[in-house]
Amino acid sequence: MSAMAAYRLGFEVAILDKEQYSPAGQLTRHEFIGSVDDDDLLKRFSDACHVITLENEFVDYRRLEFLEKLGKKVHPGSRTIALIQDKLLQKNALRKKGIPVADFLEVKTASNLLKIIRKLSIPFVLKSRKMGYDGYGNALVSNKQEFDKAYEALTSRHAHLFAEQFIDFQMELAVMVARTSKETRVYPVVQTLQRGHICHTVIAPAHIEKKVTVDAQEIAVECVKAVHGIGLFGIEMFLTRNNRILVNEMAPRPHNSGHYSIEGCTTSQFENHIRSVMQFPLGSTDMVKSYAVMVNLLGSKDPSPGMKKYTTALRHHEAHLHIYGKHESRVGRKMGHVTILGHNPQQLLKQAKKIESTISL
């Protein structure tokens, strides 16, 4: 979707991916396949680029330093990614700037349980410092047995962990921020609804008090500044029972909670992603209608055959259907989304879920 936004502006796009047949790879003749750890491949890729950006934050920041030393413009840069991809460093960077986050502490050994309980109480959340997403790398802990099991499982995924206070929130929120060296644009505050720790539904804008909206947007901008961010950033937040905002996590890229903006806003998150990393003037983030509802289409055990998925979904003449063209489906994988715009969020949500029920990908 970022590539499509770039093509719309007249740019060519090169991609580096581990495997062929990625959705972006289907769009470009400048496709580089292999590991980002391959110096020769990374140099050949960089030779095809003027500006380099990211689709996810799991590229080791030292590989971005390698590109920067070649003289390439990389947004977001290695300094920003170093602060974000390690979630403990991310939380420390945010707290240092006075940004509200849940209480947390580093977990160095399996014998840390009593120390964690004294500081965070029970239950708490045990997290991988790196490579965590869509619920992977997180575990809710309520007792020693759960802690031992979670510690073993998470350290097998990534060696370094931290623990975080469990937040009994009333709502999950998200804000997209586009930032260049000269200006910042902030998207509406949206409500996100999860299914199995995966973002399933987005309602834009969130039905919250005006003060909460202002606070969330201001905090989101401060988060991006705290990590010296240039580009597009998604900031996930909790709204607590007493209407307090706590920042959960940051993503230095287009985010699932911003997909609604393709049809829902004057300038999509993907176009502002391209504009921001190119250091161009940013586009308006205003919504084109009162509300937008987006529902993710997740992979299922029994995908719809052939064209059936299109004929059923597209009967709704106001639905905006996106199927990503991922080569392989698996249960829970984000395979596409559907967005509907209008003026009644409850009705839009009902319609979007009805469309979702007709599609198996």
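## Surface and burial

The protein chain in this predicted model exposes about 17900 Å². Of the 361 residues in the chain, 51% count as buried, where buried means under 20% relative accessible area.

## Overall form

The C-alpha trace of the protein chain spans about 55 × 50 × 45 Å along its principal axes. The radius of gyration of the protein chain is 20 Å, and this agrees with a compact globule, because a globule with 361 residues would have a value near 21 Å.

The protein chain holds 12 helices and 17 strands. Contacts between residues at least 6 apart in sequence were also sorted by separation: 61% of them join residues at least 24 apart.

Rolling a probe the size of a water molecule over the atoms shows where empty space is left. In this model the count comes to one cavity of 30 Å³ or more. The largest cavity contains about 50 Å³ of space.

Which residues line the largest cavity? The lining is made up of Glu57, Phe58, Ile84, Gln85, Lys87, Gln90, Gly132 and Met250.

By residue type, the lining of the largest cavity divides into three nonpolar, three polar and two charged residues. Gly counts as polar in this division, and Gly132 is one of the lining residues.

Key. Residues are numbered from 1 along each chain as its sequence is written. This is a predicted model: local features need pLDDT of at least 70, side-chain atom pairs count only at pLDDT 80 or more; totals for chains, interfaces and linings use all residues. Side-chain values use heavy atoms; hydrogens and water are left out. On a 1 Å grid over the protein atoms alone, a cavity is a set of points where a 1.4 Å probe fits but cannot get out, and a pocket is an open set with protein on both sides within 12 Å along at least five of seven lines; lining residues have an atom within 4 Å of a point. Grid points are joined across faces, edges and corners, and a volume is the space filled by probe spheres set on the points. Helices (H or I, at least four residues) and strands (E, at least two) are DSSP runs, numbered from the N terminus. The radius of gyration is taken over C-alpha atoms; the globule rule is 2.2 Å times the number of residues to the power 0.38. Buried means under 20% relative accessible area, exposed over 50%, partly exposed in between (1.4 Å probe, protein chains only). Contact means heavy atoms within 4.5 Å. Accessible areas come from the Shrake-Rupley method with a 1.4 Å probe; for residues, only the protein chains shown count as cover.
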